[in-house]
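Biologist: I have some questions about the terms used for this structure. Please set each value against its definition.

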Amino acid sequence: NHSADEITSYVKEVFDAYDSTGMGVLLPNDLKLLLTQNGFNPNKKTVYEIVAEFDAEEAGGLSFI
């Protein structure tokens, strides 16, 4: 079993690896690359729908909280 801290740390590492700007936001292209490299094949519309759903601050991408 992994603790919540261990899982959060892992997710943050993955997030940072795909954060092309280094500003703590996964842009739509970053998200598409992450998904594609992990066995998904999202189209542009799907990527933007995911961003829109989780982009509470309207940053134009996904922030790590």
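Biologist: Why is Glu 58 called exposed?

Modeller: Glu 58 has a relative accessible area of 71%. Exposed means over 50%, buried means under 20%, and partly exposed lies in between, with a 1.4 Å probe and protein chains only. Glu 58 therefore counts as exposed.

Biologist: What are these values taken from?

Modeller: This is a predicted model, in which local features need pLDDT of at least 70 and side-chain atom pairs count only at pLDDT 80 or more, while totals for chains, interfaces and linings use all residues. Residues are numbered from 1 along each chain as its sequence is written, and side-chain values use heavy atoms, with hydrogens and water left out.

Biologist: Where does Glu 58 lie, and what is its phi?

Modeller: Glu 58 belongs to the loop between α3 and β2. Its phi is near 55°, which is positive although the residue is not glycine. Just after α2 there is a glycine with a positive phi, Gly 39, at about 95°.

Biologist: What makes up the secondary structure of the protein?

Modeller: There are three helices and two strands. Helices (H or I, at least four residues) and strands (E, at least two) are DSSP runs, numbered from the N terminus. In that direction the order is α-β-α-α-β.

Biologist: Which residues of α2 are buried, and how do you know that they line one face?

Modeller: Helix α2 covers residues 28–37, and its buried residues are Pro 28, Asp 30, Leu 31, Leu 34 and Leu 35. Viewed down the helix axis they fall within an arc of 160°, so they line one face of α2. The arc is taken over the directions from the helix axis to the C-beta atoms. The face turned away from the buried side carries Asn 29 and Gln 37, both exposed.

Biologist: What covers the buried residues of α2?

Modeller: The cover includes α1 (4–18), β1 (25–26), α3 (44–54) and β2 (62–63).

Biologist: Why is Leu 31 called buried?

Modeller: Leu 31 has 7% relative accessibility, so it counts as buried. This residue of helix α2 is in contact (heavy atoms within 4.5 Å) with Val 47, Ile 50, Val 51 and Leu 62, leaving aside neighbours within four places in sequence. Phe 15 is 16 residues from Leu 31 in sequence and 9.2 Å from it in space, C-alpha to C-alpha.

Biologist: Which residues make up the largest nonpolar core?

Modeller: It has nine residues: Phe 15, Tyr 18, Leu 26, Leu 31, Leu 34, Leu 35, Val 47, Val 51 and Leu 62. A nonpolar core is a set of buried Ala, Val, Leu, Ile, Met, Phe, Trp, Tyr and Cys residues joined through side-chain atoms within 4.5 Å. Two or more core residues come from each of α1, α2 and α3, and α2 gives the most, with three. One member, Leu 62, touches residues including Phe 15, Leu 26, Leu 31 and Val 51, not counting those up to four places away in sequence.

Biologist: How many salt bridges are there?

Modeller: The count is two. A salt bridge is a side-chain nitrogen of Lys or Arg within 4 Å of a carboxyl oxygen of Asp or Glu. For Asp 16 and Lys 12 the closest N and O atoms are 2.9 Å apart, and the pair forms a salt bridge. For Lys 45 and Glu 49 that distance is 2.8 Å, and they form a salt bridge too.

Biologist: What makes Tyr 10 count as exposed?

Modeller: Tyr 10, in helix α1, has 55% relative accessibility and therefore counts as exposed.
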